[in-house]
Amino acid sequence: MSVGLTGGMPSVPAPPEITDSRSSTVGSHAVRRALPQRDRRTVGAWCFADHMGPGDYTEDDPAGVGPHPHIGLQTVTWLVSGELLHRDNLGSEQTITPGQLNLMTAGQGVSHAEESVHRRGHLHGIQLWVAQPDATRRGDAAFEHHAALPQHELANGEATVLVGSLGEAVSPARRDTDHFGAELLLRTGRSVVPVDRDHEHAIVVLEGAIDVDGASITPGHLGYLAPGRDELPFTASEPARVMLLGGTPFEARVKMWWNFVARDTDEIDEARADWQAGSDRFGDTGSAWSRIDAPETPWT
Ligand code: MN
C-alpha cells in the first residue's frame with residue numbers, strides 16, 4: 001500500500017520491532033534484560049527492564065541484592081511470585097508481594113537493599129527503572145508502596161495499572177513524566193488495549209505467548225511500538241502475563257552506568273566517588289547484607 005505522499009490516506013503505524021533481551025545475572029540469578037538496548041536506550045522514560053527468574057533461591061544463594069546507590073531514576077519493583085524486603089536510607093522497611101508496587105525515587109541520591117525474606121523460596125518478577133526528568137532528578141529521594149492498584153477489564157483479561165492511566169483506572173503512583181505502565185493478564189483470545197497516541201510502547205512478556213499486530217512476542221524479547229497508535233491489539237494463544245510500558249519519548253539522551261542514570265560521565269564520577277566514600281548523600285539502609293562496591297568506570 002502506498003502511503004504518505006498521496007494524501008487522504010490514513011497513516012499506517014510502523015510494524016512492531018522485536019529484539020532479543022540480553023542474558024545477565026544479578027548475584028548468581030539469571031535475568032533477561034529487555035532494556036536498555038544499544039539502539040534503544042529509553043522507551044518513554046523507561047530505561048531499564050530486568051525480567052528476574054522464575055527461579056529458586058536458597059540461604060547460601062539468596063535472591064535479592066545488598067545495599068547499593070541510585071541517582072536520577074525511579075525503581076519499580078513488581079513481583080509475579082515470591083517476596084522481597086525493601087530497606088532504604090530514608091528509613092523505609094517494606095515487604096512486597098505479588099500485585100503490589102514498590103516505587104523508589106532516587107533524585108540526587110538514595111540507597112537501598114532488596115532482601116529475600118525466606119531461607120529458601122521461589123522468585124519471579126521484573127524490576128524497571130524510570131529516568132527522572134531535569135525537573136526532579138536533583139530533588140529529594142522518596143519511597144512509596146501501593147498495596148492495591150486499579151484495574152481495567154479487557155475483552156479477554158484484565159490490566160493492572162502501575163503508573164499513569166488506562167480508561168477509568170488511574171494509578172495513585174507518583175509520575176514525573178508522561179508515562180504509563182500496566183500488567184496485562186490475558187486469557188486466550190483477543191484483547192484491545194486503548195493507548196495514548198503520543199506514547200511509544202515497550203512490551204515485555206513474563207509468561208505465555210502473544211501476538212501484537214502480527215508480531216509474536218515471548219519471554220526474553222522486547223517488543224517496541226512507535227507513537228501513533230490509539231490502541232494495541234493483543235492476541236494470546238495461551239494465557240499470558242505481559243508488561244506494557246509507554247510514554248512520550250524522553251526529553252534527553254540519558255547516560256547510564258551501573259546504578260546511576262545521569263546526563264554525562266562527570267555526574268556519574270561524582271556519584272560513584274560519593275558512594276565509595278560512604279557519603280551522607282546515600283546514607284545507610286540498615287541492612288545486614290553486604291554493601292556493594294561500585295566497579296571501576298570504563299572511562300577512567
Ligand atoms: Mn536498586
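This is a predicted model: local features need pLDDT of at least 70, side-chain atom pairs count only at pLDDT 80 or more; totals for chains, interfaces and linings use all residues.

Tutor: Residues are numbered from 1 along each chain as its sequence is written, and side-chain values use heavy atoms, with hydrogens and water left out.

Student: Which residues are the protein donors of the manganese ion?

Tutor: Donors are N, O and S atoms within 2.8 Å of the metal (3.2 Å for Na, K and Ca), and sites may look incomplete as water is not among the atoms. Here the donor atoms are NE2 atoms, lying 2.1 Å from the ion. Along the chain they follow the spacing H-x1-H-x41-H. The residues are H68, H70 and H112.

Student: How many residues apart are H70 and H112?

Tutor: Strands (E, at least two residues) and helices (H or I, at least four) are DSSP runs, numbered from the N terminus. H70 belongs to strand β5 (residues 64–70) and H112 to strand β10 (residues 110–115). This pair links distant parts of the chain, 42 residues apart.

Student: Is Q127 buried or exposed?

Tutor: Q127 sits in strand β11 (residues 121–131). Buried means under 20% relative accessible area, exposed over 50% and partly exposed in between (1.4 Å probe, protein chains only). With 10% relative accessibility, Q127 counts as buried.

Student: Which side chain makes a polar contact of 3.3 Å with the side chain of Q127?

Tutor: A polar contact is a pair of N or O atoms within 3.5 Å; within protein, one must be able to donate a hydrogen and the other to accept it, and residues adjacent in sequence count only if both atoms are side-chain atoms. The side chain of Q127 has such a contact with that of T77, at 3.0 Å. The contact of 3.3 Å is with E114.

Student: Which strands are the edge strands of the open sheet of seven strands?

Tutor: Two strands pair if DSSP finds at least two bridges between them. The order is β1-β22-β19-β24-β17-β14-β13, with antiparallel pairing. An edge strand pairs on one side only, and here these are β1 (17–20) and β13 (151–154).

Student: How many bridges join strand β17 to strand β24?

Tutor: Strand β17 covers residues 179–186 and strand β24 covers residues 240–247, and they run antiparallel. A182 stands opposite L244 in β24. The number of bridges is eight.

Student: Why is the pair of W257 and W299 edge-to-face?

Tutor: Rings of Phe, Tyr and Trp (its six-membered ring) pair if their centres lie within 6.5 Å; planes under 30 degrees apart count as stacked, over 60 as edge-to-face and the rest as tilted. The structure holds seven aromatic pairs. The ring centres of W257 and W299 are 5.9 Å apart and the planes stand at 70°, so the pair is edge-to-face.

Student: What kind of aromatic pair do F260 and F282 form?

Tutor: F260 lies in strand β26 (residues 260–262) and F282 in the segment after α1, so the pair ties together parts that are 22 residues apart in sequence. F260 is buried at 0% relative accessibility, and F282 is buried at 0% too. With 6.4 Å centre to centre and 25° between the planes, the pair is stacked.
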